[in-house]
Amino acid sequence: MSALFNFHSFLTVVLLMICTCTFLKMQFPTILEQKTGFRGFFWKAARIGERLSPWVAVGCFTMGVSIIFF
């Protein structure tokens, strides 16, 4: 089933995208400099990961536990 139609898979994809964009921004800051356009979407995801990192970490941990056990 596609990640767009399954809410659990959609949340997993969103969390992975936020974590990946945040990691890339920390390692290579010049990649996500543009705040508009297509790259601006990834810049916003990285900003969410930076500002809400405790909540994103809890979300990733919860999602990992739910994937393993359910």
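Analyst: Start with Lys25. Leaving aside neighbours within four places in sequence, Lys25 is in contact with Leu32, Trp43, Ala46, Arg47 and Glu50. Contact here means heavy atoms within 4.5 Å. This is a predicted model: local features need pLDDT of at least 70, side-chain atom pairs count only at pLDDT 80 or more, and totals for chains, interfaces and linings use all residues. Residues are numbered from 1 along each chain as its sequence is written, and side-chain values use heavy atoms, with hydrogens and water left out.

Lys25 sits in helix α1. Helices (H or I, at least four residues) and strands (E, at least two) are DSSP runs, numbered from the N terminus. Is Lys25 buried or exposed? Lys25 is buried, at 14% relative accessible area. Buried means under 20% relative accessible area, exposed means over 50%, and partly exposed lies in between (1.4 Å probe, protein chains only).

Now the charges. The structure holds two salt bridges. A salt bridge is a side-chain nitrogen of Lys or Arg within 4 Å of a carboxyl oxygen of Asp or Glu. Glu50 pairs with Lys25, their closest N and O atoms being 3.6 Å apart. That pair links distant parts of the chain: Glu50 is in helix α2, Lys25 is in helix α1, and 25 residues separate them. Glu50 is partly exposed, at 26% relative accessibility.

Glu50 also bridges to Arg47, with the closest N and O atoms 3.3 Å apart. Both lie in helix α2, three residues apart, about one turn of the helix. Arg47 is partly exposed, at 25%. Through shared partners, the salt bridges join Lys25, Arg47 and Glu50 into one network.

Cys21, Leu32, Ala45 and Ala46 belong to the largest nonpolar core, eight residues in all, together with Leu15, Ile18, Val56 and Met63. A nonpolar core is a set of buried Ala, Val, Leu, Ile, Met, Phe, Trp, Tyr and Cys residues joined through side-chain atoms within 4.5 Å. The elements giving two or more residues to this core are α1 (7–27), α2 (37–51) and α3. The largest share, three residues, comes from α1. In soluble globular proteins, nonpolar side chains tend to be buried together.

What of the cysteines? A disulfide is a pair of cysteine sulfur atoms within 2.5 Å. The count by this rule is zero. The sulfur of Cys19 has its closest cysteine sulfur in Cys60, 3.3 Å away, which is too far for a bond. Cys19 is partly exposed at 32% relative accessibility, and Cys60 is partly exposed at 28%.

Last, the setting. The protein chain has three helices and zero strands, in the order α-α-α. Of its 70 residues, 21% count as buried. Among contacts between residues at least 6 apart in sequence, 57% join residues at least 24 apart. The C-alpha atoms fill a box of roughly 40 × 25 × 15 Å, taken along the principal axes.
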